Amino acid sequence: MSIAPPRPLGPPLNSLRAFEAAARLGGFAAAASELGVTPGAVAQQIKGLEAWICAELFERRAQGVRLTPLGQHVLADLTEAFDLIGAASQKLRSIAAPLEIRIAALPSIAQLWLSPRLKYLRAAAPEVQFSVTALEHRPNLQREPFDLSLFYAAHPLRPGQIEIERDEIFPVCSPGVAATLKTVSDLERARLLHDASWSDDWTVWLATTPQGLRQPDTGSEFSLYSLAVEEAKASGGVLIGHNALVRPFLLSGDLVAPFSQTVARDRSLVMEKSVATTDSTVLASVVDLLLRDTHTSIS
């Protein structure tokens, strides 16, 4: 009678994934955010992996965690391995469903820049099924199931980032509110609208004016830029406009720019394609459509 002893078990894939994310991103909380779990779950997975290898991968300190030499030694190999798994999964999905295009975008871009263009995409490519996910942070296109992303990216741009438009900012408001603004100094008495994500917009723009005004502490703050735009259109105050996002409203007359001073920021609206789907002719045509006439009024 042959004897078949039990084979030793390898570490769970989730434990390796949790360690790689925490090591690459520099902490359990950041890894939890990327993986869609709690920091406690990440810590538990890593603890299990450390028990399996009988060695520590992180030094736990009061101010956070730091990789041990052992953890540093294996990080590059694991990152490469998970990148390959992600790319293979992306390619598998792309081949299985070539007419599905999944787009990830910053909420403001999804609502104000992409949304008006979707009907033109559908008309030009009726056979393609589009889905859009609004995210606050740019996804890892090597691993996450998106074909395309639309976000603002800081300069210098990375290889693979396609610049759509440099970000320029300037105050915008309704025509009625604009009639009350004769000089920049009138902003001191105006109701200013603020976007939580771009909290320094007013400070940056005001600093470039001859008066060198400071941003007042008062005003209304919005977590969604599209809501702030609607409030500005409804004569609720003055907002810092981002050229790519407010251009249609300037062309329609719903918003006006009461002052000529604009400030070019060190970032651009960029598009990125998933590396795994770069040979997709469908995706290539969608990218061409989105890049075509980006400065033209779309309503």
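Phe259 counts as buried, at 10% relative accessibility, where buried means under 20% relative accessible area, exposed over 50% and partly exposed in between, with a 1.4 Å probe and protein chains only. Please keep in mind that this is a predicted model, in which local features need pLDDT of at least 70 and side-chain atom pairs count only at pLDDT 80 or more, while totals for chains, interfaces and linings use all residues. Residues are numbered from 1 along each chain as its sequence is written, and side-chain values use heavy atoms, with hydrogens and water left out.

Now to the rings. A search of the whole structure finds 6 aromatic pairs, and rings of Phe, Tyr and Trp (its six-membered ring) pair if their centres lie within 6.5 Å, with planes under 30 degrees apart called stacked, over 60 edge-to-face and the rest tilted. One of the pairs joins Trp198 and Tyr225, edge-to-face, at 5.3 Å centre to centre and 80° between the planes. Because Trp198 lies in the loop between strand S7 (192-195) and helix H7 (201-207), and Tyr225 in helix H8 (residues 225-233), this pair ties together parts that are 27 residues apart in sequence; helices (H or I, at least four residues) and strands (E, at least two) are DSSP runs, numbered from the N terminus. Tyr225 is buried, with a relative accessible area of 3%.

Phe259, where I began, forms a tilted pair with Trp205, 6.0 Å centre to centre and 35° between the planes. Trp205 lies in helix H7 and Phe259 in the loop between helix H9 (243-252) and strand S10 (263-273), so the pair ties together parts 54 residues apart in sequence. Trp205 is buried, with a relative accessible area of 0%.

Finally, ring pairs link Phe19, Phe28 and Phe58 into a cluster.
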